[in-house]
Amino acid sequence: MNEKELWKAYTDANPAYRDAPYDAWCYGSDIPDELARLTFDGIKTATASAYALYAAEDSPLPTVGTHSVLLDTAGNALCVLRNTAVTVVPFCEVTERHAYKEGEGDRSLGYWRDVHRKFFTSELKEIGAAFSEDMLVVCEEFEVVLRA
(Lines give C-alpha, C1' and ligand atoms only; values in the text may rest on other atoms or scores of the structure.)
Protein backbone atom coordinates (compact mmCIF):
# COMPACT_ATOMS: atom_id res chain seq x y z
CA MET A 1 0.00 0.00 0.00
CA ASN A 2 1.34 3.45 -0.80
CA GLU A 3 1.04 6.59 1.34
CA LYS A 4 -1.89 8.06 -0.62
CA GLU A 5 -3.89 4.84 -0.34
CA LEU A 6 -3.31 4.60 3.40
CA TRP A 7 -4.11 8.28 3.93
CA LYS A 8 -7.35 7.84 1.94
CA ALA A 9 -8.31 4.84 4.08
CA TYR A 10 -7.71 6.95 7.18
CA THR A 11 -9.67 9.96 5.94
CA ASP A 12 -12.52 7.78 4.66
CA ALA A 13 -12.93 6.60 8.25
CA ASN A 14 -12.16 10.08 9.67
CA PRO A 15 -13.62 12.62 7.20
CA ALA A 16 -12.73 15.59 9.41
CA TYR A 17 -9.10 15.10 8.31
CA ARG A 18 -9.81 14.77 4.58
CA ASP A 19 -8.20 18.14 3.74
CA ALA A 20 -5.59 18.07 6.50
CA PRO A 21 -1.95 18.11 5.49
CA TYR A 22 0.28 15.18 6.38
CA ASP A 23 3.89 14.18 5.89
CA ALA A 24 5.14 10.81 4.69
CA TRP A 25 8.53 9.78 6.06
CA CYS A 26 10.92 6.98 6.84
CA TYR A 27 13.15 6.85 9.91
CA GLY A 28 16.61 8.25 9.31
CA SER A 29 18.97 5.83 11.01
CA ASP A 30 21.11 2.75 10.43
CA ILE A 31 18.06 0.58 11.19
CA PRO A 32 15.02 2.40 9.76
CA ASP A 33 12.92 -0.70 9.06
CA GLU A 34 13.53 -2.04 12.57
CA LEU A 35 12.36 1.29 14.04
CA ALA A 36 9.34 1.26 11.71
CA ARG A 37 8.43 -2.25 12.90
CA LEU A 38 8.70 -1.16 16.55
CA THR A 39 6.34 1.72 15.73
CA PHE A 40 3.90 -0.49 13.83
CA ASP A 41 3.86 -2.92 16.77
CA GLY A 42 3.10 -0.09 19.23
CA ILE A 43 6.38 -0.41 21.12
CA LYS A 44 7.99 2.77 19.76
CA THR A 45 5.69 5.71 20.57
CA ALA A 46 8.25 8.50 20.46
CA THR A 47 11.18 9.77 18.44
CA ALA A 48 13.79 12.51 18.67
CA SER A 49 15.57 14.72 16.19
CA ALA A 50 18.19 17.44 16.30
CA TYR A 51 16.65 20.90 16.46
CA ALA A 52 19.57 22.24 14.40
CA LEU A 53 18.35 20.23 11.38
CA TYR A 54 15.00 22.01 11.41
CA ALA A 55 16.80 25.35 11.63
CA ALA A 56 19.26 24.46 8.84
CA GLU A 57 16.41 23.43 6.52
CA ASP A 58 14.15 26.31 7.65
CA SER A 59 11.49 23.71 8.42
CA PRO A 60 8.70 24.17 10.94
CA LEU A 61 8.78 22.03 14.05
CA PRO A 62 6.19 19.28 14.34
CA THR A 63 3.07 20.14 16.31
CA VAL A 64 0.57 18.25 18.44
CA GLY A 65 -2.33 16.86 16.46
CA THR A 66 -0.58 16.65 13.11
CA HIS A 67 -0.58 13.40 11.18
CA SER A 68 2.02 11.54 9.18
CA VAL A 69 2.35 8.33 7.23
CA LEU A 70 5.27 6.14 8.27
CA LEU A 71 7.06 4.40 5.40
CA ASP A 72 9.55 1.57 5.27
CA THR A 73 12.71 1.86 3.17
CA ALA A 74 10.91 0.31 0.18
CA GLY A 75 8.34 3.14 0.28
CA ASN A 76 5.50 1.00 1.63
CA ALA A 77 3.07 2.81 3.91
CA LEU A 78 2.94 1.06 7.28
CA CYS A 79 0.75 3.23 9.48
CA VAL A 80 -0.74 6.65 10.10
CA LEU A 81 0.59 8.46 13.17
CA ARG A 82 -0.83 11.41 15.13
CA ASN A 83 1.48 13.54 17.27
CA THR A 84 0.38 13.68 20.90
CA ALA A 85 3.25 15.71 22.40
CA VAL A 86 6.18 17.79 21.15
CA THR A 87 8.86 19.25 23.41
CA VAL A 88 12.25 20.83 22.80
CA VAL A 89 14.87 20.15 25.46
CA PRO A 90 18.65 20.01 25.71
CA PHE A 91 20.08 16.56 24.96
CA CYS A 92 21.21 16.21 28.58
CA GLU A 93 17.62 16.75 29.79
CA VAL A 94 15.90 14.08 27.70
CA THR A 95 14.03 11.99 30.26
CA GLU A 96 14.03 8.30 31.11
CA ARG A 97 10.33 8.31 30.20
CA HIS A 98 11.08 9.58 26.70
CA ALA A 99 13.89 7.05 26.21
CA TYR A 100 11.54 4.27 27.27
CA LYS A 101 8.83 5.45 24.84
CA GLU A 102 11.36 5.37 21.99
CA GLY A 103 11.33 1.59 22.47
CA GLU A 104 14.89 0.92 21.33
CA GLY A 105 17.45 -1.48 22.83
CA ASP A 106 16.84 -2.03 26.53
CA ARG A 107 14.72 1.16 26.60
CA SER A 108 17.02 2.79 29.17
CA LEU A 109 18.18 6.40 29.16
CA GLY A 110 21.81 5.22 29.03
CA TYR A 111 21.16 3.21 25.87
CA TRP A 112 19.21 6.10 24.34
CA ARG A 113 22.02 8.57 25.06
CA ASP A 114 24.73 6.30 23.62
CA VAL A 115 22.82 5.62 20.39
CA HIS A 116 21.59 9.16 19.90
CA ARG A 117 24.94 10.77 20.73
CA LYS A 118 26.45 8.81 17.80
CA PHE A 119 23.47 9.42 15.53
CA PHE A 120 23.29 13.17 16.19
CA THR A 121 27.06 13.55 15.82
CA SER A 122 26.87 12.02 12.35
CA GLU A 123 23.76 13.98 11.32
CA LEU A 124 25.08 17.31 12.53
CA LYS A 125 28.41 16.81 10.78
CA GLU A 126 26.49 16.83 7.47
CA ILE A 127 25.34 20.41 8.11
CA GLY A 128 28.65 21.61 9.58
CA ALA A 129 27.44 21.55 13.19
CA ALA A 130 28.79 19.72 16.20
CA PHE A 131 27.13 17.61 18.85
CA SER A 132 27.01 18.88 22.43
CA GLU A 133 25.28 17.71 25.58
CA ASP A 134 23.41 21.05 25.58
CA MET A 135 22.19 20.88 21.97
CA LEU A 136 18.44 21.09 21.53
CA VAL A 137 16.47 17.94 20.75
CA VAL A 138 12.92 17.84 19.39
CA CYS A 139 11.11 15.07 21.27
CA GLU A 140 7.91 13.83 19.67
CA GLU A 141 5.36 11.41 21.05
CA PHE A 142 2.75 9.83 18.79
CA GLU A 143 0.07 7.22 18.54
CA VAL A 144 -0.69 4.84 15.69
CA VAL A 145 -4.19 5.71 14.49
CA LEU A 146 -4.30 3.28 11.54
CA ARG A 147 -2.17 0.31 10.50
CA ALA A 148 -1.90 -0.80 6.88
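## Cysteines

Cys79 counts as buried because its relative accessibility is 0% (buried means under 20% relative accessible area, exposed over 50%, partly exposed in between, with a 1.4 Å probe and protein chains only). Cys26, at 31% relative accessibility, therefore counts as partly exposed. The structure holds zero disulfides (pairs of cysteine sulfur atoms within 2.5 Å). For Cys26, the nearest cysteine sulfur is that of Cys79, 11 Å away.

This is a predicted model, in which local features need pLDDT of at least 70 and side-chain atom pairs count only at pLDDT 80 or more, while totals for chains, interfaces and linings use all residues. Residues are numbered from 1 along each chain as its sequence is written, and side-chain values use heavy atoms, leaving out hydrogens and water.

## Nonpolar cores

The largest nonpolar core has 15 residues, of which Phe91, Trp112, Phe120, Met135 and Val137 touch the most other members (a core is a set of buried Ala, Val, Leu, Ile, Met, Phe, Trp, Tyr and Cys residues joined through side-chain atoms within 4.5 Å). H5 gives this core its largest share, four residues.

Beyond its neighbours within four places in sequence, Phe120 is in contact (heavy atoms within 4.5 Å) with residues including Ala48, Phe91, Trp112 and Val137. A second, separate core has ten residues, among them Tyr27, Leu38, Leu70 and Phe142.

## A partly exposed leucine

Let's finish with Leu61, in the loop between helix H3 (51–57) and strand E3 (67–71); helices (H or I, at least four residues) and strands (E, at least two) are DSSP runs, numbered from the N terminus. Leu61 counts as partly exposed because its relative accessibility is 31%.
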